[in-house]
Amino acid sequence: MTKRTVRGVLPALLTAVALIGGASGPSGARSSVPPDRRAHEGTRAAMEALVRAGVPGVVGQAREGRAGSDGRRVWNGSAGTAELGRPRAPRARDRFRIGSNTKTFVATVMLQLEAEHRLRLTDTVERWLPGVVRGHGNDGRAVSLRRLLDHTSGFFDYAADPALHKRLFERDFLHHRFDTYTPRQLVRTAVSHPPVFTPGKGWSYSNTNYVLAGLVIEKVTGHPYGREVRDRVLRPLGLRATSVPGRSAALPRPSGRGYIRFPDEPGTPFHDVTGINPTEAWAAGEMISTVGDLNAFYRALLGGRLLPARQLAEMLTTVDTGLRPPARYGLGIAARKLSCGVTVWGHDGGIQGAVSQVSSVRDASHTAAFGANALGVPFDTLALAEAEFCGRAR
């Protein structure tokens, strides 16, 4: 099976899905900062290019100002349509599924638990989940929690299992979109395959790592991982539009629709998959948010409001991914040096019906978040970061 990725800072949740096809819709963008209308011309143009390439709709927000402030310089832009056949443009307050951007929230909670001396990153998976990772060459005794968070565990990505892939990423998904998967079921699927490399001897993006991380959080705290995300991150920051849906298939309002086109159906109409059971992703990619909440989260995270300095430094300690274009991966966050020399920290996300991307400079004085309402069409997340951080007209 050939793996294809979203082109950008790192692979999104659906690493095995080709983003192909096309659709069109009305385009346009508007700014909440009228004094300098040229400041985000490049970003606006990049969003409109995505719509011309086939994405139904894109929404974005850029926020500037020192991390300790409320980031008063805010630009909101959109292109295309929030719902095919209707003229409404995507809006900054619209909720959407953020896919693998969930991983940054999960890594943050894990690092908070380390700061509280409730676990250590050097602890093995076996220490917290005895017997869960065994067989076919897999051994939880040989993998530390750090290797889960930076994707150096070598564990097979359950999403690449051929049978599960067919149910999730091909037309069969339309008949299985409301199926429930348990995290241990996803792990069993993964460990039915041998590791892709010896732990610590390579890098491979694997959703299995973050399902295991979610299970560890639950074992350490005695609470669902989503409750820990809510109590430790969402409530303290006032991120009221962000949620961990569990088995709920509904996309909270306000929101647009979510679409998918399958790899073997180029040029065919989109399938509306706004409602899905996100247990297929669980702690690897189930969360829902907005561009505003994602920017607020990154400003707080990189501004030092969520983690002590030592844990934030751990999060930002990276390993080479071997990806092209080059990127380095920390603990639930990636770093990429853009063409203009600016290094941005962030993550990509993808799940049926949505693609997302968040980027920030290290001091969080400039962040940008984007969401699109379709999977299975061309979507260059790196182009958005390049446009916002390098291509702005002055």
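The protein has 12 helices and 15 strands, and the model of it is predicted. Of its 394 residues, 61% are buried. Among contacts with a separation of 6 or more, 73% are between residues 24 or more positions apart. The accessible surface comes to about 14,700 Å², and carbon and sulfur atoms hold 49% of that area.

**Empty space**

Rolling a probe the size of a water molecule over the atoms shows where empty space is left.

| Space | Volume | Lining residues by class |
|---|---|---|
| Largest cavity | about 200 Å³ | 9 nonpolar, 9 polar, 4 charged |
| Largest pocket | about 180 Å³ | 2 nonpolar, 3 polar, 5 charged |
| Second largest pocket | about 160 Å³ | 6 nonpolar, 4 polar, 4 charged |

The count of cavities of 30 Å³ or more comes to 2. The largest cavity has a lining of 22 residues, and Arg95, Phe96, Gly256, Arg257 and Asn373 are those nearest its centre. Two or more lining residues come from each of strand 1 (57-64), strand 3 (96-97) and strand 14 (366-372). Strand 1 gives the largest share, 3 residues.

**Backbone features**

Pro254 is in the loop between helix 9 and strand 6 (259-260). Another cis peptide bond runs from Arg324 to Pro325, with omega near 0°. Pro325 is placed in the loop between strand 9 (319-320) and strand 10 (328-329).

Trp282 sits in the loop between strand 7 (271-272) and strand 8 (288-289). Trp282 counts as buried because its relative accessible area is 10%, under the 20% cut-off. His117 has a phi near 60° and lies in the loop between helix 2 (102-115) and helix 3 (125-128). His117 counts as exposed because its relative accessible area is 70%, over the 50% limit.

**Helix 7 and its partners**

Helix 7 (residues 183-191) has buried residues at Pro183, Leu186, Val187, Thr189, Ala190 and Val191. An α-helix has 3.6 residues a turn, so residues three or four places apart point the same way. The buried residues of helix 7 pack against strand 4 (134-135) and strand 5 (138-139), and also against helix 5 (162-169) and helix 8 (207-221).

**Ser359**

Ser359 belongs to strand 13 (residues 354-360). Ser359 is buried because its relative accessible area is 1%, which is under 20%. The side chain of Ser359 makes a polar contact of 2.4 Å with the side chain of Gln357. Leaving out residues up to four places away in sequence, Ser359 touches Val344, Trp345 and Gly346, then His366, Thr367 and Ala368, and also Ala385 and Phe389.

Note on methods
Residues are numbered from 1 along each chain as its sequence is written. This is a predicted model: local features need pLDDT of at least 70, side-chain atom pairs count only at pLDDT 80 or more; totals for chains, interfaces and linings use all residues. Side-chain values use heavy atoms; hydrogens and water are left out. Helices (H or I, at least four residues) and strands (E, at least two) are DSSP runs, numbered from the N terminus. Buried means under 20% relative accessible area, exposed over 50%, partly exposed in between (1.4 Å probe, protein chains only). Contact means heavy atoms within 4.5 Å. Accessible areas come from the Shrake-Rupley method with a 1.4 Å probe; for residues, only the protein chains shown count as cover. A polar contact is a pair of N or O atoms within 3.5 Å; within protein, one must be able to donate a hydrogen and the other to accept it, and residues adjacent in sequence count only if both atoms are side-chain atoms. On a 1 Å grid over the protein atoms alone, a cavity is a set of points where a 1.4 Å probe fits but cannot get out, and a pocket is an open set with protein on both sides within 12 Å along at least five of seven lines; lining residues have an atom within 4 Å of a point. Grid points are joined across faces, edges and corners, and a volume is the space filled by probe spheres set on the points. Ala, Val, Leu, Ile, Met, Phe, Trp, Tyr, Cys and Pro count as nonpolar, Asp, Glu, Lys and Arg as charged, and the others, Gly among them, as polar.
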